4 protein chains.
Amino acid sequence: MELTESQQREIGELTAAAYTTKRPTVPALEDILYTPFPVLDHGFIRVIDYMGDDAAVVQAARVSYGRGTKQSSQDKGLINYLMRHRHTSPFEMCEIKLHVKLPIFVARHWVRHRTASINEYSARYSILDREFYFPKFENMAAQSTQNHQGRGETLSMAEAQEVFEILKRDAAQCYDDYEYMLNENPDGTKRDENRLGLARELARMNLPVNVYTQWYWKTDLHNLFHFLSLRAESHAQQEIREYANVILDICRKWVPLSTEAFEEHALGGTHLSKKASAAVARMMRGEKITREDAGMMKGEWRELMTAFGLDEEGNPL
Amino acid sequence: MELTESQQREIGELTAAAYTTKRPTVPALEDILYTPFPVLDHGFIRVIDYMGDDAAVVQAARVSYGRGTKQSSQDKGLINYLMRHRHTSPFEMCEIKLHVKLPIFVARHWVRHRTASINEYSARYSILDREFYFPKFENMAAQSTQNHQGRGETLSMAEAQEVFEILKRDAAQCYDDYEYMLNENPDGTKRDENRLGLARELARMNLPVNVYTQWYWKTDLHNLFHFLSLRAESHAQQEIREYANVILDICRKWVPLSTEAFEEHALGGTHLSKKASAAVARMMRGEKITREDAGMMKGEWRELMTAFGLDEEGNPL
Amino acid sequence: MELTESQQREIGELTAAAYTTKRPTVPALEDILYTPFPVLDHGFIRVIDYMGDDAAVVQAARVSYGRGTKQSSQDKGLINYLMRHRHTSPFEMCEIKLHVKLPIFVARHWVRHRTASINEYSARYSILDREFYFPKFENMAAQSTQNHQGRGETLSMAEAQEVFEILKRDAAQCYDDYEYMLNENPDGTKRDENRLGLARELARMNLPVNVYTQWYWKTDLHNLFHFLSLRAESHAQQEIREYANVILDICRKWVPLSTEAFEEHALGGTHLSKKASAAVARMMRGEKITREDAGMMKGEWRELMTAFGLDEEGNPL
Amino acid sequence: MELTESQQREIGELTAAAYTTKRPTVPALEDILYTPFPVLDHGFIRVIDYMGDDAAVVQAARVSYGRGTKQSSQDKGLINYLMRHRHTSPFEMCEIKLHVKLPIFVARHWVRHRTASINEYSARYSILDREFYFPKFENMAAQSTQNHQGRGETLSMAEAQEVFEILKRDAAQCYDDYEYMLNENPDGTKRDENRLGLARELARMNLPVNVYTQWYWKTDLHNLFHFLSLRAESHAQQEIREYANVILDICRKWVPLSTEAFEEHALGGTHLSKKASAAVARMMRGEKITREDAGMMKGEWRELMTAFGLDEEGNPL
């Protein structure tokens, strides 16, 4: 991630600002406001704005005339209670706005979260930068043989190197051709006066989905937690997981009590099916049971045992 | 729930229809289409239309050109997998439309589920019927002393009788005054030519929230399951729970595999927090632990033990 | 609208706060933050928090690294362009949170706007105040004979007085009975030790829909404008229109350029159907045409003529 | 658009089905159910399922016990009234499910319509086909000089030919490399036993955004009309417009009255700002006014005059 001088100057102006407000303000988040956190090779996440704090969750839950907070232990208890019982609406009362730079294929996962607002950089209107995502060698892996949508064994150094060369070459060629088809100089004049050049909205169709785009993305805390519960999780593709992890860190600064409750009750928890609950209840009474006793499918049984650090026979790993 | 003759005739016309379609069709649901299922004293739920079936979930998950189904055991396995891993989007591919008659205070809970379409009977445009919800005596209970938003001990017969008389009297008086203020005959002419009568949108403000309203409500299967997971659950107010239970029965007819998966993995399951997971893992290994060992709050510990049929010391109940 | 001393103190603490922030800050809105604006007889609207300003709309539209603003005339032009061409997503980048006190029948209209977050005061958990909406005499009107869902002629003073007495009497009786059924003192102890008292979630069913409730309501600027376009409009029931008008005033302080564009292009504009467009095109060329020539329905023709200050023959009023 | 034999057989099985239903059924739509309508060079739209018809709009608006329809002229009038007054909720009571094959860059526009359900073919799980969109020569145009996000002059035959060759070459190379990196035979075995091959979720990042993807897409009629009002319109990129036009044709078969009302009141209408309304009112009275008199910006004035077939001086074109 490299910023141009003018981008750095613009960001600098923002971080130098100091206004007076009566609104709830979170110093730990103010400290990192506008600053880009690098993700992947060229991506970033910047917090552009936020509304509310942990106390705003409490205030909304109590429909209060004032701040609504009581002793901090009570506030913490209330936040935990709300999270545990899926009283999600008070968490919707906090809002965050991010500026994100990300590869198109990651953006395509991300956009599936519909309860959010997006303004994306328009490749119909503007020219995309020559920036592509290439995975680190240690992240280049073969198709998983277990999980149909995931990665398995890591490639050899040689094979990873070859993949890298292919990705780099194709990206370069596609982008060179994009520029050639556009036939535009940065100031909008033509490069070659003898050609018209192709409209931006058409030329961009030649760019692979590892090209970077960027957008403003704004959502509320409840929907952000939902996003994290799906995207910071082991089944999510690693690239979007890296973004999710940066956002999780941001949440820890912004709304520490809510994030702690989220990590305790949602992200870090275990969900048991009805059969799994019955099996666990028996095992908690000292019974030794098998998958067949439990009447569970193989995949689910394996996941259950793994969740409790047991092998498939129910013995500690 | 009493239907007028003209309502019965209208419903009769619908149930007598027989069209030919290429669309997925569920005979068990066709059998009950349009028929009102009574709920509470005057309410009902009618299935007006539906789209899709269990196979439509599978078809969408596979983005198939045809029906997308394979062996029925594979379809069932896939539906379970989707439910278990919260791959919710294929369940959005089924849709149902209900006609519901319900008290306003229930409607006010219901409408909080925002991902649904609603057309409600307009009290600005039409006159509401003289129908009010009065709880059965066995459902009249005191405020819970445990749970701040719930019911505890049942009232004595005498006290229930008194409450019933009060509710009935106030409803009658409010409705009489509603009619008086409207000053309208059923055909729209004035009852008393010497008074203007009050506009419907104003007169209705005198009606208590146990008056019945009705609406068309349409949602997809994923959001319907979400509704059920919150409203068929023990913390929901009993009145809306009765509606939820009727809907759950409808789902069993409509999409039996999906509903079974929902009951197994969502409705009937147990969610463990991070600390609860750790505590359970230790207990599954035969350790005897206390709430303090687990580092859990009282309420959460109690709920955890109850979920597994244990008392607060961890002994079988 | 009367506030208790403790409510006034709580609000006072909020308005006395002064934090330092780097976030976009709108002094004109800071001035009125937390202050209740009275609506109807006991209702109010308070701005609790906000995110963004006019420049945030511009910044998002440009997916900018900095503030994104250029000359103020350019920003204004861009905001107008976005509004005129229905590029709505940049307006979603501003957010506002309100605390609103409102009668239940108004809340029932309001909640139909689904793209918003709500935390409502819970009558399952808490006891509602003895506050009811009674219309002013000049607002008590008969059913419209033109418009099936609206008001026509104003009631006579005597009839209005009678309606007022009825509403007041029924509200008082219902609330007295609510309190009696609850059998609770403000501190939660029983009023009469010999009765259990009815659970709050049940007792509240006796309250008419003109009782006041309150909620926290949070939405983005695009959806707020959509709300206003439907609720500040002449077909909306007058009671919710009064709330909409107060919100419109708040918007003028908060985002003056966006609100001006909204009033110019949406709220104050005229929408012509295809036939109406053709008819207007002919009239602009000096042709004199009739409804029959235009092929328009009566209601639409009348609305069209009215919109341009003409009578049904097309002559200036 | 070519279908494989097995796809044709699967579609054939669906179109041969005939079930009996009591649900509203639209013969004109049944006739085309499941049949692919070609769009662009390899894309298609297939109607997979639908719920409701014109009468279902009427039925919901009337919250009826039966079909809710009256004389067909009254139903038509009601549908027009609903559309004209933006009473949108009854249109949400119809639902349609489509199977769409489309280039990724079109999918990226489409997905911005958030009130819809999507199941997309997963390139993490499956291998994308070697199918890319290449514009017809007559659609290859230069960047517009008027409109920053649009097309202007058409390229010369020679230049279009060159662009076509570039797009074709880059697509072929990227796809060849995709296959090479995957190192998979169609049956999942390795092509070259000496290489691991790259996971699908990674290899796909090399494919340009003109590669075709496919999805199931389901939405209600109100949101479909909103989609069409933005995507069948002249500012939309031509590629998505072609899809929108096919959908508009489908709507004409499915819900002819609603679609006619939509075309009359929304799609084919003209929206006038407050100033434009005032200017038009004066011109309708025979006044000759200039842009300066109207106080309008150039762009808006030009659009206004064009809408009524006038030049910028207000003279008929």
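Modeller: B:Tyr34 is buried, as 22 other C-beta atoms lie within 10 Å; buried here takes 20 or more other C-beta atoms within 10 Å of the residue's own, exposed is 12 or fewer, partly exposed is in between, and C-beta atoms are placed from the backbone. B:Tyr34 isn't a glycine, yet its phi is positive, about 75 degrees. You'll find B:Tyr34 in the loop between α2 (27-30) and β2 (37-39) of chain B; helices (H or I, at least four residues) and strands (E, at least two) are DSSP runs numbered from the N terminus.

Keep in mind that this is a predicted model, where local features need pLDDT of at least 70 and side-chain atom pairs count only at pLDDT 80 or more, while totals for chains, interfaces and linings use all residues. Residues are numbered from 1 along each chain as its sequence is written, and chains are lettered from A and ligands numbered from 1 in the order in which they are written.

C:Asn183 sits in the loop between α6 (157-182) and α7 (200-203) of chain C, and counts as buried with 20 C-beta neighbours inside 10 Å.

As for how the two chains meet, 44 residues of chain B are in contact with 44 residues of chain C, contact being C-beta atoms, placed from the backbone, within 7 Å. On the chain B side, α6(B) gives the largest share, nine residues.
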